[in-house]
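Colleague: I am new to reading protein models. Could we go through this one together, one question at a time?

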Amino acid sequence: MFTLPYRELPLADPGTPDATSGSGYLRWLAKKQWKTLSAAVLFGVGWMLAQALLWSAIGEAIDTGINNHHPSRLLFWVLIVLVLGIVQAICGTLRHQLSVENWMYATYRSVQLVGRHVALAGLAVTDDIPAGDVVNTVAADVMRVGGAFDVIARFIGAIVAWIVVSFILLSTSVTLGLVVLLGVPFLALFTAPLMKPLHASQAAQREAAGRLAALGADTVAGLRILRGIGGESVFFDNYRVQSQRVRFAGNRIAAPQAGLESGQILLPALLVAVVTYIGARDIVAGTLQPGQLVAFFGYTSFLTTPLRTAIEWVISSTRALVGARKVLAILAITPLVHETKNPRVWPEHISVYADEVSGLRIEHGSFIALVTETPTEATQLTDRLGRFVNDVHGVTLDGVPLDAYSLDDTRQHILVSEIEPRLFSGILRDELMPHGVSSLEAMNEALEAASALDVLDALDGGLDAIVEERGRSFSGGQRQRLALVRALLSKADLLVLVEPTSAVDAHTEGRIAERLRNYRSGRTTLVATTSPLVLEHVDTVAVVREGRVVASNTHEALFREQSWYRNLILRGGDA
Amino acid sequence: MSALPIADFHVVRAHARKKAREHRGMLLVMLSLYSLAAIAGLVAPLIIGKITTLATTHRLHDHEITVLVTQMLAASLLYTLFSFLARRRSYILGEKIFAELREEFLHSVLALPLVEVERAGTGDLLSRTTNDIEALARTVRFAVPEWLVAIIQAVLTLVAMVLVSPIVSLAGLVSLPVLFFSTRYYLKYATPGYLRERASYATLSGTVAETTEGARTVDAHRLAERQKKRVDGNLRESFYSEMYTLLMRMNWFPAVESAFSLSVAATLGWGGWLALNHDVSIGAATTIVLYVVQINDPLDRIIAWLDELQMGQSSFARLIGVSVVKDERPTFSVEPHNEVITVRDVRYAYREGYDVLHGVDLVITPGERLAIVGPSGAGKSTLGRLIAGIDAPRTGAVMVGNVPLAAMPLDMLRRHVALVTQEHHIFIGTVRENLALARPSATLPDVEAALEAVDAIDWVRALPDGVNTELGTTGFAITPAQAQQLALARLVLADPHTLVLDEATALLDPRAARHLERSLSAVLQGRTVVAIAHRLHTAHDADRVAVVMDGTIVELGGHDELLAKNGEYAALWRSWRNETTSAS
């Protein structure tokens, strides 16, 4: 086993790319890995040359060894063939290693850039680009970016091999040399038009196949419904129609694809025939040895490889450009909320959180509910309180504007838990305490408060159980309670919970509402909800209509005195 | 979670053979064309050999050259032509077989037993539908044809070598043992590496998907740094698995490449020696050397595609594994003579020895509205699933009109009872298609009537193309509440006499849920409704309430009756709206 030393991935810092254009990005990547690229080119050239020179040795063996009856010469050239074989094996293997590295450097660097950006500016990204496309960029586009860096060493090796072969031929026969020197680019130009119809039909099939995959995934996602109330035959027919579309789109590729491949047989074969014809006549004329003709035949047949490589290069670099543009499209998106320049130091104590626009006031230590007519109104308000939008004009902490503080401090001290908070895959304990250590006691208190101990009981491994992707193995109610535990454990100064119990049953909801208050005593909590089970446990209910706080009182008093409030709470009053 | 099966090697092989038999004719034509192409490709070295012999014996003249080069050209043209025809046919055949495979797969998926679908979850199936089908595409489209071509070329070249000179050809065989053993070693250790590699990229996609979809949570909980580290961690795993397979190849490639040049050198030396001693002609020796160089290419491809074929086989095994699952619903098609649902001493366990229902008895009369309430984990949903006929109880019986629900054919079951869960899925397709799946024969007025019934006709008409508007992940986006309304409209079309609603509205905003429940109760007048309730107003509207605790029904009766009883239900109700009584 032999390998060149390699650099470990992922990189500590993927750097800041040239984001001006797709080609600029590719150039930037190339600059970052110029050493492995150059080394790969070096071995790529050696690998191709060894293959080409093999034919010189074979020709010499035939001429000087066999034809001239020199057994020792024959042996010598046989040994040279072996040495060239070993050189080819070594260069080829190292070239392969370096190509894989080049592919990985370009691919992984791009994944890291996209991954980091999505983590930082995810909300803004999904406003512009569907989440599925982002995933696709990481799963497919970055690989295409890497693809160009894989092929490049072989491509340059191919060019060098072509030039070297041409000069070897030129030195024996000017005609033959020129035929090859000019013939190969000529062939390449002829092959290029064969690729156009192929690309068009491939793109058409990819699109059809993408739709088919979406249809398949969609059918599986809704399988419970299809198996529950029927419609399998309808959906199977839909799938089959699309599947046949993909098939026929594929059939349209068959001819251009087969054409490109057989073109790659025919065009070099024509060159071989020309070279053989000229070479054989040179033998008759006495200017060429039979072994040299064999070598020329070999060179020309060998040149199929560089030709194929050149075609591969055109395809892969085109794809890399497309991939690079997709990467840049994601990187170009800026976070929704701008960070504060020269932020203030977060105060030791905050007595009042206020929103002057709506008139909402939250005093330190209070447990307040927010009731709005529509869920959108509630989210608009809580987004402002948590600074999830840029315009937080009027939101103040003890009179100081919220955006005078740094975003990071804000997130640390004010936690807004949205209506359907996500769970992430990982060990449950880490998912509940993403910022590390709370005591087991604190964990139990939070689990108790969110009435989530039974979720834990049902899990193999309890807190050490693995949460699956998106927490999909939990029911909606379980997910919601676990997310609540996570929010509680954050110990935020101000905790804003939006409909934290919408997915749990009434028994559990009542329990949670009761315990939440005790759990948060001494800290500040705002719950946006219309559930009477929660409302009856809060100090004050702030009712917002048309963007303004219109009433602020206990749930009991509001319920007794305000019929519209009662209607709002009890589904329009038809109870 | 029980995983779906993966077909074993024998099933995979039998399946592949069956496919080959089904397409025997096309396969035969394709293979013949490939053989013709390969034979035409063998002519050029033969002619070079001839020229060499003629040249070294000074019998080469312009006339021969013209004839030989013309033959060479003709052979190349035939080679090109046959290759074109063969490849085109093989792509077309590949597309055909691949289409059949994926359609057969989806057909099996759609025939999965209901209980299996409910139990296994969609994660595994989804990855089979997308990842495995994609992996198989490469295998069927490229790996299998390339591999067959390479084998044909290699075999025919070998035949040609033996025909030209068996004795010189012997030397070409020296590479075979090296190739065989190094490749066997390589495949044994490399294939698991490639599978690990593939899995690591799937995990990476998963992390990015989670981070993107959960962007808001990431932001709120300051998880950006952590998610970044996770991406890096996934990449590290990918990197190590890449490095592992790379190292495997770094061992293997030199062996293969050296074996190739060893065979060239051996043939050149051995053939040259024989030619020097006039045992063979110099042309024959030359031709064999050219053939040995030429055969290295198909040999290389034969072994290079092996790992791809192995991985394709593992995807194939996962795809046909689904078809191995047989629906074990016993089906005696006895039509029930009435619509009364009887639950008799029902016990049920997910894990052996751990009953979650401990002898439940219940009779539900037609047209009744029954609410099932109780704490999480009490067995409400399990009871609902049994009443919906999805699964059979461990002991006891759940029957409609004395026919066990779990033994009904699916078509019949659907006419009697439907389960509605909190999952509302909008399929890719038009509004109409989304509804008509419940009753494929539904006319436009039927569909519109159903939409009207659930109070959805107005917004549907306002859509860009009305009922023909494309919905789903690739179409027009509708709100969760609208999606739920469509799900209800499906039920109107399906028209079962009994509905089991399991948390059907729980995930929605409570304000929207109340609206939906109103339209639901108006629409489903006259149907038997079993509602597993999260919200107590559902219970209030019901004819009877069953309070389930720890796998048994502890209280059963009308709302007022249970309030008067002052038990579990009454306590719950009081806490839910303690002031309502004074207000209304």
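Colleague: Leaving aside its neighbours within four places in sequence, which residues is Ile372(B) in contact with?
Modeller: Keep in mind that this is a predicted model. Contact here means C-beta atoms within 7 Å. By that test, the partners of Ile372(B) include a run from Val530(B) to Ala533(B) by way of Ala531(B) and Ile532(B).

Colleague: Which residues touch the most other members of the largest nonpolar core?
Modeller: In soluble globular proteins, nonpolar side chains tend to be buried together. Here the largest nonpolar core holds 345 residues. The residues that touch the most other members are Ile58(A), Leu370(A), Ile372(B) and Ala489(B).

Colleague: Which helix gives the most to this core?
Modeller: Look in chain A, at residues 71-128. That helix supplies 21 residues to the core. Its name is α3 of chain A.

Colleague: How many residues are in the second, separate core?
Modeller: Its members include Ile253(A) and Ala258(A) from chain A. Phe84(B) and Ile92(B) of chain B are included too. The count is 5 residues.

Colleague: Why is strand β9 of chain B largely enclosed by the rest of the structure?
Modeller: Take its two faces. Thr498(B), Val500(B) and Asp502(B) point one way, Leu499(B) and Leu501(B) the other, and all are buried. The strand is largely enclosed because the buried residues number 5 of the 5.

Colleague: Which residue in β10(B) is the bridge partner of Val500(B)?
Modeller: Val500(B) is a buried residue of β9(B). Its bridge partner in β10(B) is Val530(B).

Colleague: What is the radius of gyration of chain A?
Modeller: Begin with the expectation. A compact globule of 575 residues would come out near 25 Å. The C-alpha atoms of chain A fill a box of roughly 120 × 60 × 45 Å along the principal axes. The radius of gyration of chain A is 35 Å.

Colleague: Which helix of chain B gives the most to the side that touches chain A?
Modeller: The contact takes 136 residues from chain B and 143 residues from chain A. On the chain B side, 67 are nonpolar, 39 polar and 30 charged. One helix, residues 224-276, supplies 29 residues. That helix is α10 of chain B.

Colleague: In chain A, which helix gives the most to the side of domain 1 that touches domain 2?
Modeller: Domain 1 of chain A covers 20-173 + 309-336, and domain 2 covers 175-287. In the contact, 8 residues of domain 1 meet 10 residues of domain 2. Helices α4 (131-172) and α9 (304-331) each supply at least two residues of the domain 1 side. With 5 residues, the top contributor is α4(A).

Colleague: How many charged residues has the side of domain 1 of chain B that touches domain 2 of chain B?
Modeller: The centres of these two domains lie 22 Å apart. The contact takes 7 residues from domain 1 of chain B. By class, 3 are nonpolar and 4 polar. Charged residues: no charged residues.

Notes
Residues numbered from 1 in each chain as written. Chains lettered and ligands numbered in written order. Predicted model: local features only at pLDDT ≥ 70, side-chain atom pairs only at ≥ 80, totals over all residues. Rg over C-alpha atoms; globule rule 2.2 N^0.38 Å. Domains from an automatic or database assignment. Contact = placed C-beta atoms within 7 Å. Nonpolar A, V, L, I, M, F, W, Y, C, P; charged D, E, K, R; others polar. Buried ≥ 20, exposed ≤ 12 C-beta atoms within 10 Å, placed from the backbone. Helix = DSSP H or I, 4+ residues; strand = E, 2+ residues; numbered from the N terminus. Pairing = 2+ DSSP bridges. Core = buried A, V, L, I, M, F, W, Y, C linked by C-beta atoms within 7 Å.
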